[in-house]
Amino acid sequence: VQDGWERIKADQSREALKIFEKISKETPSIGHATFGMAVAAADSGDLNRSIRTMRRLLEYNPSALRLFKADEALKEKFARIVSRFEGDALGLAKADAFFMQAAFHYLLQNREPCLEAARQGENADDKSGSALNLYFMVENDGWRFQSE
């Protein structure tokens with residue numbers, strides 16, 4: 001899994017996606033590999049795949065996102081990725097765009113943008129299990145947003 005994250009940081013997300021796919025097929029219970037697939041897909045420009053994968057992760061294994069600690073290099077990558085889901089976001093459904101914004105702001109520890117994206121997702125009528133799990137985390141994980 002670590003090799004995949006190192007590839008993402010080195011702007012080799014297509015290779016990282018292959019690594020995470022292989023791990024996910026061999027050991028489907030490893031949530032960090034699924035999370036890595038979502039990040040690598042977004043960084044590679046496959047936003048729809050990234051959304052599907054992130055939703056699956058947050059539906060079935062939200063603790064993988066909840067417990068993930070990003071170093072500064074990954075936070076820089078996450079900050080660039082979140083912008084891919086803002087604005088028109090290449091015709092994405094509003095609920096999906098807000099869901100992904102909330103997820104990446106959650107990881108970036110950006111409380112206000114995270115809460116705003118979560119509220120916008122709720123307003124876009126996103127009642128999926130993945131969104132409900134994420135929005136619960138956003139509302140209740142105050143520790144995530146404390147300065148270190």
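Student: What share of the contacts in the protein with a separation of 6 or more is accounted for by residues 24 or more positions apart?

Tutor: This is a predicted model, and in it residues 24 or more positions apart account for 64% of the contacts with a separation of 6 or more.

Student: How do you know that the radius of gyration agrees with that of a compact globule?

Tutor: For 148 residues a compact globule would have a radius of gyration near 15 Å, and the protein has 14 Å, so the value agrees with the expectation. The C-alpha atoms, taken along the principal axes, fill a box of roughly 35 × 35 × 25 Å, and buried residues make up 49% of the 148 residues.

Student: Which elements make up the pattern of the protein along the sequence?

Tutor: The pattern, read along the sequence, is α-α-α-α-α-α-α-α-α, in keeping with a count of nine helices and zero strands.

Student: Why is α4 called roughly perpendicular to α9?

Tutor: The axes of helix α4, residues 47-60, and helix α9, residues 129-140, come within 7 Å and cross at roughly 70°. Angles of 65 to 115 degrees count as roughly perpendicular, which makes α4 roughly perpendicular to α9. The crossing of these two helices is left-handed.

Student: Which residues of α4 and α9 meet, and how do they divide by class?

Tutor: From α4 come Arg55, Leu58 and Glu59, and they meet Gly129, Ser130, Ala131, Asn133, Leu134 and Met137 of α9. By class, the residues of this contact of α4 with α9 divide into four nonpolar, three polar and two charged, with Gly counted among the polar residues.

Student: At what angle do helices α3 and α6 cross, and which residues make their contact?

Tutor: Helix α3, residues 31-43, and helix α6, residues 72-84, have axes that come within 9 Å and cross at roughly 65°, and this crossing is left-handed. On the α3 side the contact is made by Phe35, Val39, Ala42 and Asp43, and on the α6 side by Lys77, Phe78, Ile81 and Arg84. The contact of α3 with α6 has five nonpolar, no polar and three charged residues.

Student: Why is Met100 called buried?

Tutor: Buried means under 20% relative accessible area, and the relative accessible area of Met100 is 0%, so Met100 is buried. Met100 is found in helix α7, residues 94-108, and, once its neighbours within four places in sequence are left aside, Met100 is in contact with Ser50, Ile51, Met54 and Phe85. The C-alpha atoms of Met100 and Ser29, which lie 71 residues apart along the chain, are separated by 22 Å.

Student: What makes Thr53 count as buried?

Tutor: The relative accessible area of Thr53 is 3%, and against the limit of under 20% Thr53 is therefore buried. Thr53 lies in helix α4 and, not counting residues up to four places away in sequence, touches Thr34, Met37 and Ala38.

Student: Why does Lys127 count as exposed?

Tutor: Exposed means over 50%, and Lys127 has 54% relative accessibility, so Lys127 counts as exposed. The place of Lys127 is in the loop between α8, residues 111-123, and α9. When residues up to four places away in sequence are not counted, Lys127 touches Glu122 and Leu132, and from C-alpha to C-alpha Lys127 and Ala95 are 9.3 Å apart in space, although 32 residues apart in sequence.

Student: What is the phi of Asp11, and where in the chain is Asp11 found?

Tutor: Asp11 has a positive phi of about 60° although it is not a glycine, and Asp11 is found in the loop between α1, residues 2-9, and α2, residues 13-26. The value deserves a remark because most residues other than glycine have a negative phi. As to accessibility, Asp11 stands at 57%, which is set against the limit of over 50%, so Asp11 counts as exposed.

Student: Why is Gln109 called partly exposed?

Tutor: Buried means under 20% and exposed over 50%, with partly exposed in between; the relative accessible area of Gln109 is 22%, so Gln109 is partly exposed. Gln109 has its place in the loop between α7 and α8, and its phi is near 65°, a positive value in a residue other than glycine.

Notes. Residues are numbered from 1 along each chain as its sequence is written. This is a predicted model: local features need pLDDT of at least 70, side-chain atom pairs count only at pLDDT 80 or more; totals for chains, interfaces and linings use all residues. Side-chain values use heavy atoms; hydrogens and water are left out. Axes are lines fitted to C-alpha atoms, for helices over the stretch in contact, and angles run from 0 to 180 degrees between N-to-C directions. Helices (H or I, at least four residues) and strands (E, at least two) are DSSP runs, numbered from the N terminus. Angles under 35 degrees count as roughly parallel, over 145 as roughly antiparallel, 65 to 115 as roughly perpendicular and the rest as oblique. A crossing is left-handed if the near helix is turned anticlockwise from the far one by less than a right angle, and right-handed if clockwise. Contact means heavy atoms within 4.5 Å. The radius of gyration is taken over C-alpha atoms; the globule rule is 2.2 Å times the number of residues to the power 0.38. Buried means under 20% relative accessible area, exposed over 50%, partly exposed in between (1.4 Å probe, protein chains only).
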